[in-house]
Amino acid sequence: MVKMFSFILITTALLTGRESWALENCLQEQARLRAQVHLLEIRVKRQQVKIAQLLQEKEIQFLDKGEEDSVIDLGSKRQYADCSEIFNDGYKQSGFYKIKPLQSPAEFSVYCDMSDGGGWTVIQRRTDGSENFSRGWNDYENGFGNFVHKNGEYWLGNKNLHLLTTQGDYALKIDLADFGKNSRYAHYKHFKVGEEKNFYELDIGEYSGTAGDALAVNFHPEVQWWGSHQRMKFSTWDRDNDNYEGNCAEEEQSGWWFNRCHSANLNGLYYPGSYRAKTDNGIVWHTWHGWWYSLKSVVMKIRPNDFIPNIV
């Protein structure tokens with residue numbers, strides 16, 4: 001009987017020990033899994049931060065990897081200084097091409113408008129408000145926006161504008177459209193953007209067109225004093241170079257060649273036509289629709305003044 005009782009005690013102790021050992025192992029395994037989950041969470045957060053940084057770096061010139069073939073490949077047979085050279089080399093299709101101005105250290109993508117006589121290099125486009133134009137000096141200097149889609153919004157970059165316009169005598173054409181399906185244009189016989197040390201100063205020539213001279217305002221001396229953009233330095237919210245006691249770029253939420261502040265601002269906020277705001281910060285061309293109407297679309301494009309289209 002004693003032996004039987006001892007056996008039961010031993011068996012019970014063994015079973016209890018096994019259960020205790022199993023429970024301890026289970027707790028240890030739970031702790032190990034929790035530690036692994038914690039490490040994975042840390043790694044995921046680090047990856048998320050890294051992805052956000054990479055996306056921010058790519059935002060300057062956005063290229064969707066699935067659509068890189070949207071840049072028309074010319075087979076690298078030569079380098080082109082602008083779209084007029086591409087047109088006269090026989091390429092008549094509008095689209096994105098690679099160009100390299102004479103003093104540029106590298107190629108960059110640009111939309112070539114091969115309509116309207118051909119050979120136009122598009123330096124700015126507004127179409128739908130999809131791109132943020134309320135940006136600082138570095139973005140406007142280097143360029144930003146959608147360099148993939150035909151109607152994508154972008155600013156080519158003040159560095160590139162300087163490189164383009166110092167290699168020859170260029171004309172500027174601005175195509176404007178409102179929300180009533182009306183269109184106008186402004187043509188300036190001369191267009192040049194200065195170098196960085198002069199804050200990318202604007203130099204424009206004689207006006208012609210149907211939209212009115214909102215850039216130089218040569219028709220009205222009183223408005224010209226505060227509204228002309230001729231010989232104005234480029235300003236952004238973090239680099240104030242205007243003639244105003246305040247900060248035009250900060251008030252208008254864009255980068256532009258502001259005076260005191262503007263009679264034209266094609267980088268303003270995107271509104272659907274007439275708008276109300278604290279300041280006239282829309283996409284403005286005041287000689288057509290005034291200061292309180294924001295245009296539907298804008299294209300700024302340049303071409304050499306001595307351009308003769310090769311139509312052979």
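**Disulfides and side-chain contacts**

A: Cys83 and Cys112 are joined by a disulfide, with an S to S distance of 2.0 Å (the term covers a pair of cysteine sulfur atoms within 2.5 Å). The torsion about the S-S bond of Cys83 and Cys112 is about -75°, so this disulfide is left-handed. Cys83 is part of helix α2 (residues 83–88) and Cys112 part of strand β2 (residues 108–113), so the bond ties together parts that are 29 residues apart in sequence. Helices (H or I, at least four residues) and strands (E, at least two) are DSSP runs, numbered from the N terminus.

The model is predicted: local features need pLDDT of at least 70 and side-chain atom pairs count only at pLDDT 80 or more, while totals for chains, interfaces and linings use all residues. Residues are numbered from 1 along each chain as its sequence is written, and side-chain values use heavy atoms, with hydrogens and water left out.

Cys83 counts as buried at 0% relative accessibility, and Cys112 likewise counts as buried at 0%. Buried means under 20% relative accessible area, exposed over 50%, and partly exposed in between (1.4 Å probe, protein chains only).

The whole structure holds 2 disulfides. Cys248 is joined to Cys261, again with an S to S distance of 2.0 Å. With -85° about the S-S bond, the link of Cys248 and Cys261 is left-handed. This pair links distant parts of the chain, 13 residues apart: Cys248 in helix α6 (residues 248–252) and Cys261 in the loop between α6 and β10 (264–265). Cys248 is buried at 0% relative accessibility, and Cys261 is buried with a relative accessible area of 8%. With the bonded cysteines numbered in sequence order, the pairing is 1-2, 3-4.

The structure has 19 aromatic pairs (rings of Phe, Tyr and Trp, the last by its six-membered ring, with centres within 6.5 Å; planes under 30 degrees apart are stacked, over 60 edge-to-face and the rest tilted). Among them is the edge-to-face pair of Phe96 and Tyr111, at 5.2 Å centre to centre and 75° between the planes. Phe96 and Tyr111 are both buried.

Next come the charged side chains. The charged end of Lys92 sits over the ring of Phe87, 4.6 Å from its centre (NZ of Lys or CZ of Arg within 6 Å of the ring centre and within 35 degrees of the ring normal). Arg260 places its charged end over the ring of Trp225, 4.1 Å from the centre.

The count of salt bridges is 12, each a side-chain nitrogen of Lys or Arg within 4 Å of a carboxyl oxygen of Asp or Glu. A network of salt bridges links Asp113, Asp116, Lys173, Asp175 and Lys301. Within it, Asp175 and Lys173 meet at 3.8 Å, N to O. Asp175 is partly exposed at 22% relative accessibility, whereas Lys173 is buried, with a relative accessible area of 12%.
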